[in-house]
Amino acid sequence: MKDWRADPAEVTQLLAGGHRDPHALLGLHASGSGAVVRTLRPDAEAVTVVDAAGARTDAERTHPAGFFEARLDASLRPTEYWLEVAYPGGQVFHLRDPYAFWPTVGEIDLHLAGEGRHEELWRRLGSNVTEVDGQPGVAFAVWAPNAEGVRVVGEFNSWDGRLHPMRSLGASGVWELFVPELGNRTRYKYEIVGADGQLMLRADPYAQATEVPPDTASVVYESTYEWGDEAWFADRANRTHVEEPLSVYEVHPGSWRHADGNHLSYRELAHQLGDHVEALGFTHVEFMPVAEHPFGGSWGYQVTGHFAPTSRFGEPDDFRYLVDHLHQRGIGVIVDWVPAHFPKDEFALAHFDGTALYEHADPRQGEHPDWGTLVFNFGRNEVRNFLLASALFWVEELHVDGLRVDAVASMLYLDYSREEGEWVPNEYGGNENLAAIDFLKQMNATVYGRNPGVMTIAEESTAWPGVSRPAHLGGLGFGFKWNMGWMHDTLSYFARDTVYRRFHHHELTFGLLYAWSENYVLPLSHDEVVHGKRSLIDKMPGDRWQKFANLRALYGYMWAHPGKQLLFMGQEFGQWREWSEERELDWYLLDEPDHNGLQRLVGDLNSTYRGLAPLWERDNDPGGFSWIDANNADENTLVFLRSAGDGTPLVCVANFAPVPRDRHHVGMPRAGSWIEVLNTDAEAYGGSNVGNLGRIQATEGPWHGQPASAHVVVPPLATIWLVPES
């Protein structure tokens with residue numbers, strides 16, 4: 001009988017890597033009353049089909065390139081036979097046949113992915129340890145709609161793509177293959193015959209683990225981690241962050257602290273960072289991007305593994321341990337998430353299937369002029385779904401509490417950092433990226449809708465309206481927005497010599513004109529202490545004492561200002577050097593009293609702040625703030641009032657001149673005894689200990705528009721907080 005043999009033309013197509021349905025040719029097929037088994041085993045000497053009863057049928061080599069076919073008299077089930085493959089030198093392998101199994105990606109999955117609405121797509125695309133027909137193995141699936149052929153390669157097949165061609169699942173553009181007997185930690189890539197006929201090796205966009213850079217293979221990863229943060233999650237679900245204390249410690253995990261010249265692992269970081277953050281009282285840690293990235297000098301902002309915590313510090317379950325440990329200590333975790341752009345590295349997303357797939361083909365839309373990166377094509381459903389699934393993966397699988405979304409402004413504007421003629425207007429002739437706007441709304445609505453108590457935070461540097469307004473009310477749907485205007489104006493003011501500050505007083509007061517236009521985070525981030533900008537302590541004018549006093553005064557003012565706080569690592573103790581990702585922080589500085597005092601102040605700021613509802617309960621309500629004296633530019637002083645929901649007041653008095661104000665007449669919201677709960681000039685912080693001996697007395701009589709007033713001792717270059725003694 002000759003009818004059971006494969007069509008030679010199909011075999012030739014398979015060998016060329018362009019067969020879109022290898023399962024129709026390879027594997028187990030009915031043939032009359034029996035079956036035929038076909039396999040491609042290049043370099044093999046012989047192939048034998050062995051059934052569950054031990055019956056052996058030798059396959060016939062029907063193509064010199066290693067195509068074997070065996071005719072069996074009886075029909076079999078996929079799990080009822082093995083392939084016994086013999087190679088020169090006596091090596092023999094017993095293998096389950098990958099081409100005997102049904103697809104692992106269903107029609108509903110493909111439909112939802114095509115519409116951009118598959119919210120857990122990482123469970124279907126990528127590599128997933130699973131069982132098919134009771135047979136354990138790994139299901140591989142990748143979106144490459146314009147490829148001529150896709151094959152999975154790895155250490156399991158000596159990186160030989162001929163052994164494991166994948167099947168195309170029709171118009172979806174998804175290619176799939178279940179490889180039995182594979183398991184956790186298998187290294188692999190996809191070998192793609194591109195639309196241009198070129199052969200390419202690509203990492204898996206949906207891989208949940210990777211090799212340690214500079215190696216670039218993807219790694220099959222099945223988590224076995226058992227979480228212990230149930231209490232944290234139960235509490236988080238009821239949180240309303242905008243009305244609660246929120247102070248964030250921003251961390252680059254590779255340079256925070258080293259041991260024996262090497263960065264800490266995720267598990268080491270969990271305990272040491274947990275100790276530090278708990279002692280200082282920050283509510284949250286924010287990690288600069290920990291998604292996998294090939295170039296450490298990018299600080300993580302050029303991502304190649306959107307579902308994989310970087311392997312530099314350990315496995316994904318080690319990252320889970322870090323998050324879990326911080327949760328169990330009452331510390332939230334925010335990660336930088338980068339959906340705006342991606343690098344051009346050949347092993348990753350760029351020109352993935354031989355075409356501009358994840359990016360735009362037109363460089364006026366697809367290339368970022370500042371960063372040398374590619375811009376995601378937000379107009380493609382599958383690209384939006386990729387990013388949406390990534391956001392949900394970090395929140396739901398890795399338990400992070402917030403996503404700080406990088407470079408949002410570059411997503412919103414088609415002409416971002418582009419000159420005339422270098423950008424393409426939208427369908428209405430405008431510069432708004434309508435597809436990106438729709439994506440951000442979808443992402444925020446979905447993340448918040450599925451995960452009560454999380455937060456998303458936009459790094460958005462323009463005056464785009466409604467960034468932190470819910471999407472259903474016309475906003476972008478973020479929970480918070482970084483207040484870049486406040487950061488710029490405040491640092492500009494503090495960097496000036498004190499004698500000139502009176503001419504720039506408005507730099508401090510202007511921000512209160514828009515302080516409630518969004519839910520703001522006040523960021524003193526990594527961006528302000530690199531690239532020649534100098535560290536925060538080094539920005540301050542004056543001699544050493546004045547530099548520290550200025551920085552202490554700034555922190556006291558910042559923690560009392562409407563909005564949440566973010567401080568980059570090293571600035572809590574006044575690191576002199578600019579930050580570098582290549583070295584650890586200068587922890588030895590804590591042996592010096594002024595550095596140690598500054599860190600003590602940051603700890604006291606956080607603990608005092610968390611106990612004072614006027615400083616956070618009405619952050620999103622302009623009624624929770626009022627100026628007492630905003631106009632004393634000649635003396636470089638500011639006085640303002642914060643109020644809690646029950647009317648409990650706090651008065652902040654700041655003196656940004658290097659001379660004390662011995663009897664500074666200040667309006668007060670009520671008469672009576674007031675406690676000085678914070679003084680940044682205290683001796684414990686390295687200050688001169690000028691102050692009010694712990695309390696002042698306010699008397700009836702209007703002043704500064706208030707019903708009472710007091711004479712307050714205001715130290716030089718210092719901020720004090722006053723609350724009623726009751």
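Two strands count as paired if DSSP finds at least two bridges between them. The exercises below use this predicted model.

**Exercise 1.** Which strands pair with E31, and in which sense do they run?

Solution. Step 1: strand E30 (residues 520-524) joins E31 over four bridges, in the parallel sense. In this pairing, Leu522 has Gln565 as its bridge partner in E31. Step 2: strand E17 (residues 247-251) is also joined to E31 by four bridges, and the two run parallel.

**Exercise 2.** Determine whether the residues of E31 are buried or exposed.

Solution. Step 1: buried means under 20% relative accessible area. Step 2: Lys564, Leu566 and Phe568 point one way from E31, Gln565 and Leu567 point the other way, and all are buried. Step 3: five of the five residues of the strand (residues 564-568) are buried, so E31 is largely enclosed by the rest of the structure.

**Exercise 3.** Describe the aromatic pairs that Tyr358 forms with Trp143 and with Phe352.

Solution. Step 1: the whole structure holds 42 aromatic pairs. One of them joins Trp143 and Tyr358 edge-to-face, at 5.5 Å centre to centre with 85° between the planes. Step 2: Trp143 belongs to strand E10 (residues 135-143) and Tyr358 to the loop between strand E24 (341-342) and helix H6 (363-366), so the pair ties together parts 215 residues apart in sequence. Step 3: Phe352 and Tyr358 also pair edge-to-face, with 6.0 Å between centres and 85° between planes. Step 4: Trp143 and Tyr358 are both buried, and Phe352 is buried too.

Methods
Residues numbered from 1 in each chain as written. Predicted model: local features only at pLDDT ≥ 70, side-chain atom pairs only at ≥ 80, totals over all residues. Heavy atoms only, no water. Buried < 20%, exposed > 50% of the residue type's maximum accessible area, 1.4 Å probe, protein only. Phe/Tyr/Trp six-rings, centres within 6.5 Å; stacked < 30°, edge-to-face > 60°.
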